[in-house]
Amino acid sequence: MVIGAAAAIVLAGCSSKSDDDKGSGSNLNIKPVVQIDTSGKEVPAGTTSTAADPAGDGKATCKPQTIAMAGPLTGPNSALGINIIMGVELALKQHNTANPNCQVTVKRFDTEGNPQKATQVIPTIINDQSISALIGPTFSGETKATGQILSDAGLPTLTASATNATLTTNGWKTFFRGLANDDLQGPAVAKYLTGAAGFKKICVAQDNTEYGTGLARAVTEGLGAAADPACSVQVKEGDKDFAAAVSKLKGAAPDAIFYAGYYAEAAPFVNQLRSSGVTATFVSADGTNDPQFVRQGGDATKDALLSCPCGPAPEKFTADYEALNGQAPGVYSVEGYDLTTIVLKAIDSGKTSRADILDFVRSYDGAGLARQYKWSESGELTSALIWMYKVQ
């Protein structure tokens, strides 16, 4: 596989931060390979020259404004939430520096990515009338658990990361997904694996989360005959011992193993696969596509293929992000930045109430760093693509 010319020239990796810890995996990075459509075919990377700038024209005036971010800021998969809040804060810094007469701050809310915890946290956000919009929730499970009460409260809810396809089938009026859903990601990745990658036999493993279950279903359907049902594997969120799954997969001898789940389990899983002698290509998606996967999985992650509906980070964004946060952007960082920029554009145009921001987002049509943002009535993007990455 060859990195597309546009990607190589213009883009830095979505999660291209190397593991700073010395030792296993320290020289590995997650790097973009190719952007694909739902048929698994390459689509040239676009330009970021027309992307909305959170700084605007520097002439905005407003009373102090507050938005919120909700997601895992602690816990085993906290890097995914931290990536988003760091993107949010970069957009706010650039806006506030350029617009001294319109200052916007963010309140952080830690859900630990847990649906039960989210149902306790989200009402606090709703009841805080100073908060005019929410970036989040982060995970599909917590979004499913809280989407209706957010909709009933009229709070604009822009997720940078929740990809379970069913989230937009609930009739919520305030939900906007800032990237492709798993019913787009799954078939696209499946067609890429059986097409350009040339895999003939693929075993699908999944965790028991809303995200993992939905993604595994979509990938399995997309793989068709290439998905061997005899070697499908189910694990649980929080598992660390994958001996039974590894034994089954080793006996099946597939060309590739697709894992639908998060990096906290993917890292020990791939480590145990390699330790047992399984050489099949390890493939996973956005829940795994984070530097923590490489850090925790070490050399066992080498050559893993990782998909994501998230866009790679442009060079200037990467430099600005590193200067502010002391680390490179990860999965969903660009989306967190883009969605915050859209909310800031609403505020700068005088739309500061929840209802006014909601109307602004509903009718929005503009370019961001990651993609064009325009939503259907259900809150899905009208156009979205997938990126493939590789650990190398």
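Tutor: A salt bridge is a side-chain nitrogen of Lys or Arg that lies within 4 Å of a carboxyl oxygen of Asp or Glu. Please keep in mind that the model we are discussing is predicted.

Student: Which side chain meets that of E210 in a salt bridge?

Tutor: The cut-off for such a pair is 4 Å between the nitrogen and the carboxyl oxygen. The pair that includes E210 has an N to O distance of 3.1 Å, and the partner of E210 is K144.

Student: How many salt bridges does the rule find across the interface of domain 1 and domain 2?

Tutor: The domain assignment gives domain 1 as 65-181 + 312-383, while domain 2 covers 183-308. Across the interface of these two domains, the number of salt bridges that the rule finds is 1.

Student: How many residue pairs are in polar contact between domain 1 and domain 2?

Tutor: This count takes in pairs in which both residues have a pLDDT of 80 or more. Between domain 1 and domain 2, the number of residue pairs in polar contact comes to 11.

Student: Which element gives the most residues to the side of domain 1 that touches domain 2?

Tutor: The elements that give two or more residues to this side of domain 1 are α4 (140-153) and α2 (78-98). The one that gives the most, with 4 residues, is α2.

Student: How is that side of domain 1 divided into nonpolar, polar and charged residues?

Tutor: The contact takes 17 residues from domain 2 and 19 residues from domain 1. On the side of domain 1 that touches domain 2, the division is 8 nonpolar, 10 polar and 1 charged.

Student: What area is buried between domain 1 and domain 2, and which residues of domain 1 lose the most?

Tutor: The buried area is about 1,400 Å², and carbon and sulfur atoms give 51% of that area. In domain 1, 30% of what that side buries comes from three residues together, and those that lose the most area to domain 2 are N77, N181 and V331.

Student: Why does the radius of gyration of the protein agree with that of a compact globule?

Tutor: The protein has 392 residues, so a compact globule would have a radius of gyration near 21 Å. The value for the protein agrees with this, because the radius of gyration is 20 Å.

Definitions and conventions:
Residues are numbered from 1 along each chain as its sequence is written. This is a predicted model: local features need pLDDT of at least 70, side-chain atom pairs count only at pLDDT 80 or more; totals for chains, interfaces and linings use all residues. Side-chain values use heavy atoms; hydrogens and water are left out. Domain bounds come from an automatic or database domain assignment. Contact means heavy atoms within 4.5 Å. Buried area is the accessible area (1.4 Å probe) that two parts lose on being put together, summed over both. A polar contact is a pair of N or O atoms within 3.5 Å; within protein, one must be able to donate a hydrogen and the other to accept it, and residues adjacent in sequence count only if both atoms are side-chain atoms. Ala, Val, Leu, Ile, Met, Phe, Trp, Tyr, Cys and Pro count as nonpolar, Asp, Glu, Lys and Arg as charged, and the others, Gly among them, as polar. The radius of gyration is taken over C-alpha atoms; the globule rule is 2.2 Å times the number of residues to the power 0.38.
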